[in-house]
Amino acid sequence: MRRQLSILLILPVITACGLVGQKGNGGPSAPFVDSPKRGTVTSPPPQKQGVVTAAEAQQILARWDSAEREAMRQGGTDWSAAEAGLIAEIHQAEVRLDRLQGEAAQVSQSRIVKPRFAIPRAAAGTPWFLAEFKRPGNRLWEQIIFAKTSAGWRMVADSATLDRLPTPARDDDGFATVLAPDDRAGLVISPQELTRTHARLLTTAGDDPRANRIILRNVFTWDADVRKRDRENLPTGWDLRRNTQPAQESYALRTTSGSALFWYGITEEDTYTARTGAPGMKFYSGSLAKNLSKGKTFREKAVYKRASMYFAVVPKSKGKVKILWSRNGYLSVTGS
């Protein structure tokens with residue numbers, strides 16, 4: 001699948017990990033609490049609680065792993081028991097494209113080992129946490145963001161690296177420190193502005209000067225160059241309008257080194273419109289749009305929808321943002 005191909009291109013991340021291990025059932029660092037009086041049951045005050053305990057996080061991770069395998073056994077068309085939001089759409093698109101290209105989609109059958117968790121403090125907003133783990137025989141560390149939905153805990157973002165993540169920072173009670181979308185204190189850019197900047201990089205096909213000053217161009221920003229090729233291959237008599245938007249999914253953690261870990265999504269909708277007298281249009285050979293459209297000739301209009309999720313390390317006030325993971329979903333090509 002496309003996700004597995006992306007994994008092979010992962011660039012290393014350099015610092016050691018200080019994520020929370022799976023032991024303990026108080027908070028992420030199993031803080032000590034006063035012994036309860038005989039015959040009474042007490043619990044930590046809400047401000048001392050994480051969104052889950054480490055034991056609960058371990059159970060959620062195990063249920064997700066089982067649900068992923070079951071979804072693939074059922075054909076890979078419904079990931080609702082394991083995933084939610086944009087990542088589920090991307091996964092379905094990966095399986096669909098695999099089949100169009102005659103490839104067999106797969107999901108890992110290896111067990112999870114060395115799970116570690118970064119658990120934020122319980123607070124207002126959607127509860128979420130990070131799980132990191134390995135699988136036997138695989139050099140990669142996988143990262144999963146779980147969020148609580150109306151259907152329960154679901155995977156909403158993922159990434160993979162050859163090395164463990166930079167160490168998430170903890171507060172005085174041992175909880176992971178969440179970064180607000182508009183918070184750029186001590187950072188080169190806020191998470192919210194990074195998503196907008198990356199969207200602008202795609203909209204301009206890599207030609208936005210500010211985006212290039214902020215984002216390091218590497219193997220995970222290749223899609224901006226593909227947008228340029230799409231623009232250059234635009235048939236005579238056709239116009240192209242791009243609508244590139246930050247997705248709702250956005251999850252950020254501060255690290256002990258002062259940087260930030262950031263998972264985010266971007267959606268794209270390219271609309272091709274024929275002017276009067278324009279010849280029919282086909283997507284060029286070798287493109288994924290060609291596969292999705294099954295070689296159809298469009299006479300009036302074509303709409304190409306995509307979605308991507310990224311994982312980046314946002315540095316302190318100097319340096320460029322390094323995107324260390326991307327997962328791209330080619331959703332549909334429609335038109336007449």
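## Close-up views of a predicted model

**View 1. The cores.** The largest nonpolar core has 45 residues, and those with the most contacts inside it are Trp64, Phe129 and Phe146. Such a core is a set of buried Ala, Val, Leu, Ile, Met, Phe, Trp, Tyr and Cys residues joined through side-chain atoms within 4.5 Å; buried means under 20% relative accessible area, exposed over 50%, and partly exposed in between (1.4 Å probe, protein chains only). A second, separate core of 23 residues includes Val188, Leu202, Phe262 and Ile266. The model is predicted: local features need pLDDT of at least 70 and side-chain atom pairs count only at pLDDT 80 or more, while totals for chains, interfaces and linings use all residues. Residues are numbered from 1 along each chain as its sequence is written, and side-chain values use heavy atoms, with hydrogens and water left out.

**View 2. Surroundings of Phe129.** Leaving out residues up to four places away in sequence, Phe129 touches (heavy atoms within 4.5 Å) a set of residues that includes Val51, Ile60, Phe117, Pro120, Phe146 and Trp153.

**View 3. Glu132 in strand β2.** Glu132 belongs to strand β2, residues 128-134; strands (E, at least two residues) and helices (H or I, at least four) are DSSP runs numbered from the N terminus. Glu132 is buried but has no salt bridge, and Arg116, the nearest side chain of opposite charge, is 5.0 Å away. Lys and Arg count as positive and Asp and Glu as negative, with His and the chain ends not counted. A salt bridge requires a side-chain nitrogen of Lys or Arg within 4 Å of a carboxyl oxygen of Asp or Glu. A polar atom of the Glu132 side chain lies 3.4 Å from the backbone nitrogen of Leu165.

**View 4. The salt bridge of Glu142 and Arg135.** The side chains of Glu142 and Arg135 meet at 3.2 Å, N to O. Glu142 is buried, at 8% relative accessible area, and Arg135 is buried at 6%.

**View 5. The salt bridge of Arg231 and Asp207.** The closest N and O atoms of Arg231 and Asp207 are 3.0 Å apart. Arg231 is in helix α6 (residues 222-232) and Asp207 is in the loop between α4 and α5, 24 residues apart. Arg231 is partly exposed, at 38%, as is Asp207, at 40%.

**View 6. The salt bridge of Glu268 and Arg227.** This pair meets at 2.8 Å, N to O. Glu268 lies in strand β6 (residues 260-274) and Arg227 in helix α6, so the pair ties together parts 41 residues apart in sequence. Salt bridges link Arg227, Arg242, Glu268, Asp270 and Arg306 in a network.

Key:
A polar contact is a pair of N or O atoms within 3.5 Å; within protein, one must be able to donate a hydrogen and the other to accept it, and residues adjacent in sequence count only if both atoms are side-chain atoms.
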